[in-house]
Amino acid sequence: MGKKIIGIVLILLGLIYLNDNLGLLSRYGITLDMSNIWPLFILIPGIMMEVSYFKQRKNPEILVPGGILTSMGIIFYFDIFTNWIYSEYTWPLYILSVAIGLFQLYIVNRDFVLMSLVIVITAAVILSYVSILYNQFSIVWLNPNLIISIMIILLGLALVIRSRRNNSKKD
């Protein structure tokens, strides 16, 4: 099955590359070239990972790379279709794709540490957007050492809260 999929992908890649060189479809007003198809090589494996988990309900860890790749593929397509004019605003979404993958795993496992990581990454993305909006990339709270300190504190709080919940369940 795996060789068959790889074979089909290679055939499609060859056809796209052939069209890219000969302009076969451009005669009909269809622009199908590698400059707007390459995100499929990110999007399709991501979707396949997502579908794989939901079909078999095994290995939920595959949701993390699946969510990351699917999100990134969608964002890349948005950037391509808008001719990259919004890329100065969409770059934090690529970071958010990690939070999306982790959030999917959280939904399955209900691990509070995963949710803490999702919150920290999402907070970093929000801070990035705030800095973009105010055009102040060198504000004191964006100091990498300060961000690392805050992330460590938040992770510590998450562990303390989790241990309290576990202790209260034992009582």
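Is Phe 81 buried or exposed? Phe 81 counts as exposed because its relative accessibility is 62%; the cut-offs are under 20% relative accessible area for buried, over 50% for exposed, and partly exposed in between (1.4 Å probe, protein chains only).

This is a predicted model, in which local features need pLDDT of at least 70 and side-chain atom pairs count only at pLDDT 80 or more, while totals for chains, interfaces and linings use all residues. Residues are numbered from 1 along each chain as its sequence is written, and side-chain values use heavy atoms, with hydrogens and water left out.

Select helix H4, residues 63–81. Helices are DSSP runs (H or I, at least four residues), numbered from the N terminus. H4 has 19 residues and spans 27 Å from first C-alpha to last, close to the 27 Å expected at 1.5 Å a residue; the expected span is 1.5 Å times one less than the number of residues.

Within H4, select Tyr 77 and Phe 81, 4 residues apart, about one turn of the helix. Tyr 77 counts as buried, because its relative accessibility is 13%.

The structure holds 7 aromatic pairs. Tyr 77 and Phe 81 form a stacked one, 5.4 Å centre to centre with 20° between the planes. Rings of Phe, Tyr and Trp (its six-membered ring) pair if their centres lie within 6.5 Å, and planes under 30 degrees apart count as stacked.

Next, select Trp 38, Phe 76, Trp 84 and Tyr 94, which form one aromatic cluster. Just after H4, Asn 83 has a positive phi of about 55°.

Finally, go to Ile 161 in helix H7, residues 144–170. Ile 161 counts as partly exposed, because its relative accessibility is 38%.

Note on methods: Helix = DSSP H or I, 4+ residues; strand = E, 2+ residues; numbered from the N terminus. Phe/Tyr/Trp six-rings, centres within 6.5 Å; stacked < 30°, edge-to-face > 60°.
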